[in-house]
Amino acid sequence: MALVALAAIGGTVALTWWQARDQVSDAASASRETTELIQGRLREHALRNASWQGVDGTLRWLRQQTGQRIRLVDPFGEVVADTDHLDRRAARPPGSVAVFVDPLPELVLPDGGDRRAATVAAIGAYRSDTLLSVCLLGYGYDLVVVTGADGVPRHRPATDDPVAVDDCRPAPADDWLLADDREEAGRCGPAQDDCLREVFRRQVTAAEVAPHTLLLTIGAGDEPVRVLDTGPVLLITLLVALLATGAALLISRRVLRPIGTLTAAARRMGDGDREGRVPDDGRDELAELARAFNQMAESVRAAEDDQRRLIADVAHELRTPLGNLRGYLEALQDGVLEPTPELYASLHDEVILNQRIVGDLQELALAEAGALVYHRAPADLAELLETARTAHRAAAEAAGVSLDVDTCGPVMADADTDRIRQAVGNLISNALRATGPGGSITLRARTTGERAVVEVTDTGTGIAAEHLPLVFDRLWRADPARGRGTGGSGLGLAIVRQIVRDHDGDVSARSDVGAGTTFELWLPAISLLSLGASGLSTNRCTDQAAASTTTTVPDSSSQAGQPVQS
């Protein structure tokens with residue numbers, strides 16, 4: 001977890017670094033764009049005005065647009081213009097950005113002809129045009145700049161005012177003027193005479209006419225410079241890494257400790273310790289996992305207890321009949337007993353009992369494993385009870401017990417007829433063993449809502465309340481001594497419960513000691529109308545059940561049903 005935290009911190013630091021670097025790069029790019037804007041506008045001013053006259057206005061506009069302090073210095077170190085002076089403040093030290101503003105045009109040489117002559121002509125045109133333009137602008141003339149094919153700018157009148165210069169040129173003072181310039185020379189109006197005379201004097205005296213190249217500085221020396229300081233970034237990164245690593249170690253320790261405890265408990269369980277439990281206090285996912293582990297451990301322990309108890313019960317059930325068989329066989333072998341038909345019949349009964357126990361165990365194992373095959377179809381439970389009474393009538397008459405069926409019409413259920421008849425037969429057999437001579441057993445079938453109910457009620461000895469939750473356990477019998485007189489294998493009710501649950505139903509029991517016991521099988525009911533039996537009368541069992549004062553509803557969380565008012 002600490003490695004994951006460090007990796008996450010490293011990724012965060014890298015992203016922060018790249019973002020800061022990009023921001024500084026963007027700031028530098030913006031600074032370059034600002035410098036290029038200022039440099040370009042100043043060069044345009046020099047070309048348009050043929051000098052640096054009036055540059056203060058351009059600096060004010062640039063100051064307003066960029067927010068930068070702008071300073072121009074000529075080659076002799078003299079300050080030409082400074083926005084600090086324009087803002088009426090003391091001049092600050094110059095900034096770190098220093099570039100030159102070169103107002104001279106770039107000469108474009110012709111592809112052919114006398115390039116030297118073209119160069120001399122361009123020099124003359126530029127000198128004369130510049131001198132004349134400076135003078136005319138001083139008089140307030142509005143001129144526009146037109147760049148010729150040689151790359152040299154020429155100033156033309158901006159309007160058709162007759163007072164304008166009308167492309168006037170100075171009188172020829174030397175042989176370097178172009179032919180066009182000679183033809184246009186001397187055509188200026190009287191208002192430009194002073195300018196023409198000034199141009200003449202300046203040219204004949206070979207005075208410098210081009211505006212000087214100026215040094216441009218942007219910003220002030222006392223302004224902070226945006227640079228990426230790696231020191232604070234590294235320090236913050238180190239602090240965050242330490243805090244995150246510590247937090248990750250604490251969290252991982254808190255998380256890994258319960259996991260380690262669970263791992264150790266699971267290993268102990270694998271080694272055979274079924275009593276180990278882990279602390280499950282808390283409300284987080286680990287506590288929920290601990291509770292699930294404890295439940296699993298308890299289930300495993302209960303399953304092993306059931307398995308040991310089953311083995312002990314099976315051994316107990318088989319020990320007595322096998323011991324009887326061995327004793328009789330040894331007595332016959334030693335000649336102590338005479339082989340009589342009665343003795344052979346007794347031995348046959350013991351074998352049948354053992355066979356029944358083994359068969360019930362196998363059937364119960366198949367049922368609990370879901371391996372029993374069911375053929376479910378609409379079945380009439382009233383008819384099924386009549387069949388069961390016929391099958392057990394002889395046994396009931398031999399025991400002196402009356403066996404009756406109390407139904408009031410068809411009761412349809414979705415069931416495997418053979419398996420349900422087997423379950424009802426187990427209940428009847430148990431009732432016959434619990435009911436003495438003169439008693440009665442009543443079989444009923446009815447419908448309650450979406451459930452079809454089969455009841456087997458006897459007037460036998462009954463079952464104590466504390467034993468009711470145990471009656472469906474394997475090999476459980478109400479007789480604590482587990483004597484042979486009670487009969488049965490102790491598996492019948494467990495088989496009944498499994499068969500009914502495989503039908504998506506449930507089974508319940510209620511009993512009064514000395515008054516008898518009632519077992520109920522709850523199965524999915526089928527409506528007679530859904531079977532196309534619209535001509536049949538309504539099942540009166542439903543109405544009769546609704547008129548009953550008490551109905552037992554099975555609770556899947558317990559073995560016994562709980563009486564509720566219907």
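Me: How far does helix 2 reach from its first C-alpha to its last?
Reply: This is a predicted model. Helix 2 covers residues 55-66, which is twelve residues. At 1.5 Å a residue, the expected span is close to what the helix shows, and its reach from first C-alpha to last is 16 Å.

Me: Within what arc do the buried residues of helix 2 fall, seen down its axis?
Reply: The buried residues of this helix are Val55, Thr58, Leu59 and Leu62. They line one face of helix 2, because seen down the axis they fall within an arc of 100°.

Me: Which residue with a positive phi follows helix 2?
Reply: The phi of this residue is near 75°, a positive value. The residue that follows helix 2 is Gly67.

Me: Is Thr83 buried or exposed?
Reply: Thr83 is found in helix 3, residues 83-86. Residues under 20% relative accessible area count as buried. Thr83 has 1% relative accessibility, so it counts as buried.

Me: How far apart in space are Thr83 and Ile70, C-alpha to C-alpha?
Reply: Leaving aside neighbours within four places in sequence, Thr83 is in contact with Leu59, Arg63, Gln68, Arg69 and Ile70. Among them, Leu59 is one of the buried residues of helix 2. Thr83 and Ile70 are 13 residues apart in sequence, and their C-alpha distance is 5.5 Å.

Me: What kind of aromatic pair do Phe472 and Phe519 form?
Reply: A search of the whole structure finds one aromatic pair. The ring centres of Phe472 and Phe519 are 6.1 Å apart. Planes over 60 degrees apart count as edge-to-face. The planes of these two rings stand at 90°, so the pair is edge-to-face.

Me: How many residues apart in sequence are the parts that this pair ties together?
Reply: Phe472 and Phe519 are both buried. Phe472 lies in the loop between strand 11 (451-458) and helix 12 (492-502), and Phe519 lies in strand 13 (residues 516-524), so the pair ties together parts whose separation in sequence is 47 residues.

Me: Which strands are the edge strands of the open sheet of five strands?
Reply: The strand order in this sheet is 8-10-11-13-12, with mixed pairing. An edge strand pairs on one side only, and here that holds for strand 8 (402-406) and strand 12 (506-512).

Me: Which residue of strand 13 stands opposite Ser508?
Reply: Strand 12 and strand 13 pair in the antiparallel sense over seven bridges. Opposite Ser508, strand 13 has Glu520.

Me: What angle does the direction of helix 10 make with that of strand 8?
Reply: Helix 10 (residues 381-399) packs on the sheet. The strands that helix 10 touches are strand 8, strand 10 (440-448), strand 11 and strand 13. Its direction and that of strand 8 make an angle of about 175°.

Me: Why is helix 12 largely enclosed by the rest of the structure?
Reply: The buried residues of helix 12 include Gly492, Ile495 and Val500. They pack against helix 9 (341-368), helix 11 (417-434), strand 12 and strand 13. Helix 12 is largely enclosed because, of its eleven residues, the number buried is nine.

Me: What percentage of the residues in the protein is buried?
Reply: The protein has 13 helices and 15 strands. Of its 566 residues, the buried ones make up 35%.

Methods
Residues numbered from 1 in each chain as written. Predicted model: local features only at pLDDT ≥ 70, side-chain atom pairs only at ≥ 80, totals over all residues. Heavy atoms only, no water. Helix = DSSP H or I, 4+ residues; strand = E, 2+ residues; numbered from the N terminus. Expected span 1.5 Å × (residues − 1). Buried < 20%, exposed > 50% of the residue type's maximum accessible area, 1.4 Å probe, protein only. Arc of directions from axis to C-beta. Phe/Tyr/Trp six-rings, centres within 6.5 Å; stacked < 30°, edge-to-face > 60°. Pairing = 2+ DSSP bridges. Contact = heavy atoms within 4.5 Å. Axes fitted to C-alpha atoms, helices over the stretch in contact; angles between N-to-C directions.
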